[in-house]
Amino acid sequence: MSSARALGTRIAGCGSYAPSRVVTNADIEGMVDTTDAWITARTGIRQRRVAMNEKTSEVASKAARVALSDAGVEPGDIDLVVTGTVTPDMVFPSTSCFVQAALGLRPGIPAFDVSAACSGFLYALDVADKYVRGGAAKKALVIGADVFSRIVDWKDRSTCVLFGDGAGAVVVAATRGEGGILSTGVHSDGRKWEMLYAPGVACSNPFEGKKHHPNPHTPYLKMKGNETFKVAVRTMLSAVEEVLEANGLKPGDISLLIPHQANIRIMGAIQERLGLSDGQVFSNIDRYGNTSAASIPIALDEAVRSGRIKKGDIVVFVAFGGGLTWASAAIRW
Ligand code: UT7
């Protein structure tokens with residue numbers, strides 16, 4: 001007797017967008033005490049894109065349009081929008097609401113953002129996967145978008161050289177076919193928030209005196225680079241192992257690992273510990289830097305378009321970011 005296959009999810013299409021303004025390491029040499037040689041050797045970054053009068057919802061909408069078209073899905077078919085971002089245009093409305101309006105998605109559908117810094121896209125993917133798997137949505141638009149050029153301190157050489165702007169998006173659709181999103185894992189440890197954070201705009205009400213904000217004069221991103229590096233390697237490694245084990249897979253089964261593009265040395269350490277070949281790990285950090293929540297979906301879009309991912313491949317995403325947060329996903333393409 002045949003029975004219907006359980007409802008699953010798959011990535012039906014993807015897209016990305018990066019602002020056209022290229023800022024090279026040489027450009028930054030003229031701004032802070034750094035060199036192209038240091039940035040390239042310590043991070044793998046050669047250039048990044050920087051938004052010129054473009055908001056996060058605008059870069060997000062551009063990536064999302066490409067993803068809809070790639071999936072062959074009409075705006076009216078989308079019944080959920082989730083955006084991973086920590087640089088929304090405004091405190092509210094959410095970036096997802098702006099995208100909903102810009103793309104002419106159906107009024108009435110749920111649209112909201114998730115705040116998980118560089119893990120934001122995978123958190124958003126996890127939420128959409130659960131909505132679709134549970135039957136609450138058939139097609140979801142999942143976006144990772146950030147414009148960190150607005151929150152880094154361009155006088156701080158230890159952070160300003162690292163980041164870039166951009167957006168990536170996927171359409172997650174219900175499927176009863178084989179493969180698709182096999183599993184996701186999302187994690188956080190708020191005790192370690194001070195390793196990587198951005199206080200944002202300082203504000204207080206007149207009843208609080210001066211104590212309200214921990215550091216009202218510096219709204220910019222701050223990072224303890226060295227400590228963050230070590231935790232990033234450890235948590236991303238465990239997150240990859242988690243989704244492999246959940247599906248009875250081994251590192252050798254990975255066709256392509258797409259890690260969050262934070263530092264080429266972090267990716268190298270993970271590659272080495274998992275025993276992966278160069279061909280199994282995707283990197284485009286040299287051209288984009290760390291684009292936070294946009295990093296994985298931009299890399300995915302490039303990997304798909306350049307033929308690095310084929311039907312049946314095992315693709316693994318893994319990310320780490322402020323919060324602290326870390327997350328992973330395994331997909332049979
Ligand atoms: O996406 C979220 C997750 N983010 C990450 O995972 C990033 C993790 N951290 C890192 O990628 C690295 O720690 C950095 C790239 C941020 C820094 O590299 P590092 O090898 O850990 O350098 P360091 O912080 O230990 O600094 C080494 C030296 C210091 O000088 P002294 O004290 O040895 O004289 C820094 O002041 O490098 C100096 N330095 C720089 N020199 C030239 C720091 N930034 C720069 C710079 N140019 N931009």
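Mentor: Buried means under 20% relative accessible area, exposed means over 50%, and partly exposed is in between, using a 1.4 Å probe and protein chains only. We are looking at a predicted model, where local features need pLDDT of at least 70, side-chain atom pairs count only at pLDDT 80 or more, and totals for chains, interfaces and linings use all residues. Residues are numbered from 1 along each chain as its sequence is written, and side-chain values use heavy atoms, with hydrogens and water left out.

Trainee: Thanks! How many aromatic pairs does the structure hold?

Mentor: Rings of Phe, Tyr and Trp (its six-membered ring) pair if their centres lie within 6.5 Å. Planes under 30 degrees apart count as stacked, over 60 as edge-to-face and the rest as tilted. By that rule, the number of aromatic pairs is four.

Trainee: Which kind of pair do Phe-121 and Phe-317 form?

Mentor: Their ring centres are 6.4 Å apart, with 65° between the planes. The pair links distant parts of the chain, 196 residues apart: Phe-121 is in helix α5 (residues 120-133) and Phe-317 in strand β12 (residues 314-321). Helices (H or I, at least four residues) and strands (E, at least two) are DSSP runs, numbered from the N terminus. Phe-121 is buried at 1% relative accessible area, Phe-317 is buried at 0%, and the pair is edge-to-face.

Trainee: And are Phe-148 and Phe-163 buried or exposed?

Mentor: These two rings make a tilted pair, because their centres are 5.0 Å apart and their planes at 40°. Phe-148 sits in the loop between β6 (139-147) and α6, and Phe-163 in the loop between α6 and β7 (165-175), so the pair ties together parts 15 residues apart in sequence. Both residues are buried.

Trainee: Let's turn to the ligand. Which element gives the most to the shell around the ligand?

Mentor: A residue is near a molecule if one of its heavy atoms lies within 4 Å of it, and of the 24 residues around the ligand, Thr-34, Arg-42, Asn-226, Asn-263 and Asn-290 come nearest. An oxygen atom of the ligand is 2.5 Å from an N or O atom in the side chain of Asn-226. The elements that give two or more residues to the shell are α2 (36-43), α6 (157-160), α7 (225-246) and α8 (264-274). With five residues, the element that gives the most is α7.

Trainee: How far from an oxygen atom of the ligand does a polar side-chain atom of Arg-42 lie?

Mentor: A polar contact is a pair of N or O atoms within 3.5 Å; within protein, one must be able to donate a hydrogen and the other to accept it, and residues adjacent in sequence count only if both atoms are side-chain atoms. Gly-225 comes in through a backbone N or O atom, 3.0 Å from a nitrogen atom of the ligand. For the polar side-chain atom of Arg-42 and the ligand oxygen, the distance is 2.7 Å.

Trainee: Where is the backbone nitrogen that the side chain of Thr-85 reaches?

Mentor: Thr-85 is found in the loop between β4 (81-84) and α4. At 4% relative accessibility, Thr-85 is buried. At 3.1 Å, its side chain reaches the backbone nitrogen of Thr-87.

Trainee: One more: which residue just after α10 takes a positive phi?

Mentor: Helix α10 (residues 295-305) is largely enclosed by the rest of the structure, because nine of its eleven residues are buried. Among them are Ile-296, Leu-300 and Asp-301. Just after α10, a positive phi of about 80° is taken by Gly-307.
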